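The stops below are meant to be taken in order.

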Amino acid sequence: MSFPPMAAWNIRGFNHPDKVFACKRLIQSFKLDLVCILENRINVLSLQDPFFESSHSLFPNEASCHNFALSSSGRIWIKWNASKICFKTTQISSQFITGVILVANQPILLLSAIYASNNPNERRELWEDITQSSPSTQLPWALIGDYNCCRYASDKLGGSPISMSSLSDFNSMIFQSGLKDLNSVGLKYSWFNQQTDNPIHIKLDRVLVNELWLESFADSYYSVQNPSCSDHCPIILHSGLISKVQHRFLFKNYWTSLEMYWIHLLEIFSKPCIDNPLSHLCNSLRMLKGCIKKEAWYSSNGIKKHLDGLLSKQNDLLGLLQQDHNNLALNLSYKEVNSEIANFNSMYSSWIVQRAKVNWLKKGEDDLKFLFAKIRSRRGGNKSLVNLLSSNPFSDRSEVINNILNYYQNLFNPPNSISLLPGALPIGNRIPAAFASSCIFPVLDDEIKKAVFKGSSNSSPGPDGFNFHFYKSAWHIIGPTVCKAIRSFFHKCYMPNGVKATALVIVPKTKNATTVSEYRPIALCNTIYKIITKVIAERIKPVMKLIVMDTQAGFIKSRVSTDNILLANDILAFAGKNKRGNYFCAKLDIKKSF
């Protein structure tokens, strides 16, 4: 689903022509259909002048509402394009306006424009009003605007620190109203005091939404734009990128409880190997994938539909049993339906747990709201970079994707450097002969099995879609084929391109990443590739501490990276106490690694 693009902006006075032109530019840039103008400082009597009203119009066919009569200075003025949408007011106070947005006379969402008071006591009244006015109607609800306070101490930079007690009222309202922060991109702080001697940045403007909003508009987010002529940044509410996505194959752990899955598995892996063992394994996986895709249980939607049908059947049987509770046939049918419901509930819960990647929850979790929230949160985070660049009104989706690809291609594929002579390289430690022989000893089946069963069942698979749970659950059938394929690789040193294929995913280095450089890529490798690397890693693990210098603490068994932090602290403390010499300390950041 999508909704009309909307915005809120504390303009700090809407009387000056420059402020009116700035709002018009914002509307044109983001093709907005509704804008909430906050702190406009307009007297209600000014609206009686036809020239004033026409000179402050933002849309060709404009409609508006305000709360000027409830405050000495105009606080909230909502304007919208009446030729596309309708905003029907349901509640107005001095600090917020709530209304239903209708498109083609159909209500699609509830919107509240917020401009909270600077007075803490008046803000508490606003929090109470919001809590009491939580919509009872089944409509997605968004609250957008200037809250004049922040949620976390980290939302403020500079000035005196915020006490946790001052944040409790706002956070209590959010919790009691069942609201959540919507995913945001762009600038972290939305207000700047415009001072050079004591600069203060705070996140005062935000968008809060209810659970139904996250379900209805899963791809939505808001962007914090440049402040232009105000000390507040405008916030734009986006419905998200609307594009048809071809979902890739992903092995679902609950398939292992289905009889038909095992029939396909036995049929395919019982065929003899007639070519390279590693290529044979890849072909077998490809054939299994094709068979599974033809089944009704391939999609989790099929499981959910079947579960809904069982629940409907259960309800019908209960109605019949109330009329004839001694009917043996009805009681047996009711028992069978209950058993099937428990089975399919377990399968569906298993899939939700697998998607949410919450390791401490077990299958059959009754309340799945937390898991769905985790999935939606990760989904929004994964799209943050594309959403960030798409928030620029002068770029389209293809341009955004090309910019991302070009950045990482230039970063990881630089021009070839001048080859160094062998003598220019430093001489490192040599592997002792006893360890050298153990490293090149032929790979055993037990080593391969150990590498498989050490993998996480819920780890993200590579392009082929098969995770470690597939290999572990089917090891009694596919084990010999997998072992033969991996031994073949170590013997012939040949790996098909399909095995080496990886899916690249970019994740933010910080919570409020604003540029492409603040994201790092991770590679999702095929599980068969991971098994090979795990076997190699286990072989060289005893050797690493002998050939890697003591100064490297990370990624080596029995070494902890925090040791270097403590060492650096001791060195700086020594340098601070020693006044005899000059010391230089430098911290190097290898951006290609982390």
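## Helices H6 and H7

Helix H6 crosses helix H7 in a right-handed sense. Select residues 259-269 for H6 and residues 277-293 for H7; the two axes come within 10 Å and cross at roughly 150 degrees. Angles over 145 degrees count as roughly antiparallel, so H6 and H7 are roughly antiparallel to each other. This is a predicted model, and that holds for every stop on the tour.

Now show side chains at the contact. On the H6 side, pick Tyr261, His264, Leu265, Ile268 and Phe269. On the H7 side, pick Leu281, Ser284, Leu285, Met287, Leu288, Cys291 and Ile292. Coloured by class, the contact of H6 with H7 shows ten nonpolar residues, two polar ones and no charged ones.

Stay on H7 and select His280, which belongs to this helix. Is His280 buried or exposed? Its relative accessibility is 12%, so His280 counts as buried. Leaving aside neighbours within four places in sequence, His280 is in contact with Lys271, Pro272, Cys273, Asp275 and Thr481.

## Helices H3 and H4

Next, select residues 120-132 (helix H3) and residues 164-176 (helix H4). Here the axes are 9 Å apart and the packing angle is about 5 degrees. Angles under 35 degrees count as roughly parallel, and H3 and H4 are therefore roughly parallel to each other.

Which residues of H3 and H4 meet? From H3, show Arg124, Trp127, Ile130 and Thr131; from H4, show Asp169, Phe170, Met173 and Gln176. The residues of this contact of H3 with H4 divide into four nonpolar, two polar and two charged.

## His66 in strand S3

Move to residues 62-66, strand S3, and centre on His66. With a relative accessibility of 26%, His66 counts as partly exposed. Not counting residues up to four places away in sequence, His66 touches Val44, Leu47, Ile76, Trp77, Ile92 and Ile97.

Two distances can be checked here. A polar atom of the His66 side chain lies 3.3 Å from the backbone nitrogen of Phe68.

Most residues other than glycine have a negative phi. The next two selections have positive values.

Select Glu39, in the loop between strand S2 (34-38) and helix H2 (50-55). Phi of Glu39 is near 50 degrees, a positive value in a residue other than glycine. Glu39 counts as buried because its relative accessibility is 12%, and the cut-off for buried is under 20%.

Then select Asn148, in the loop between strand S8 (141-146) and strand S9 (156-157). Asn148 is not a glycine, yet has a positive phi of about 55 degrees. At 15% relative accessibility, Asn148 also falls in the buried class.

## Asp231 in its loop

Go to Asp231, which lies in the loop between strand S15 (221-224) and strand S16 (235-238). Where does 13% relative accessibility place Asp231? At that value, Asp231 counts as buried.

Show the side chains of Asp231 and Ser230: a polar contact of 3.5 Å joins them. Then extend the selection to Arg12, Ser190, Trp191, Phe192 and Gln194, which Asp231 touches when residues up to four places away in sequence are not counted.

## Lys545 in helix H18

Select residues 527-547, helix H18, and locate Lys545 in it. Draw a C-alpha to C-alpha distance from Lys545 to Arg559: the two are 8.9 Å apart in space and 14 residues apart in sequence.

## The whole chain

Finally, clear the selection and zoom out. How many helices and strands are in the chain? There are 19 helices and 18 strands. Of the 594 residues of the chain, 42% count as buried. Among contacts in the chain with a separation of 6 or more, residues 24 or more positions apart account for 65%.

Note on methods. Residues numbered from 1 in each chain as written. Predicted model: local features only at pLDDT ≥ 70, side-chain atom pairs only at ≥ 80, totals over all residues. Heavy atoms only, no water. Axes fitted to C-alpha atoms, helices over the stretch in contact; angles between N-to-C directions. Helix = DSSP H or I, 4+ residues; strand = E, 2+ residues; numbered from the N terminus. Parallel < 35°, antiparallel > 145°, perpendicular 65-115°, else oblique. Contact = heavy atoms within 4.5 Å. Nonpolar A, V, L, I, M, F, W, Y, C, P; charged D, E, K, R; others polar. Buried < 20%, exposed > 50% of the residue type's maximum accessible area, 1.4 Å probe, protein only. Polar contact = N/O pair within 3.5 Å; in protein donor to acceptor, adjacent residues only side chain to side chain. Left-handed = near helix turned anticlockwise from the far one by under 90°.
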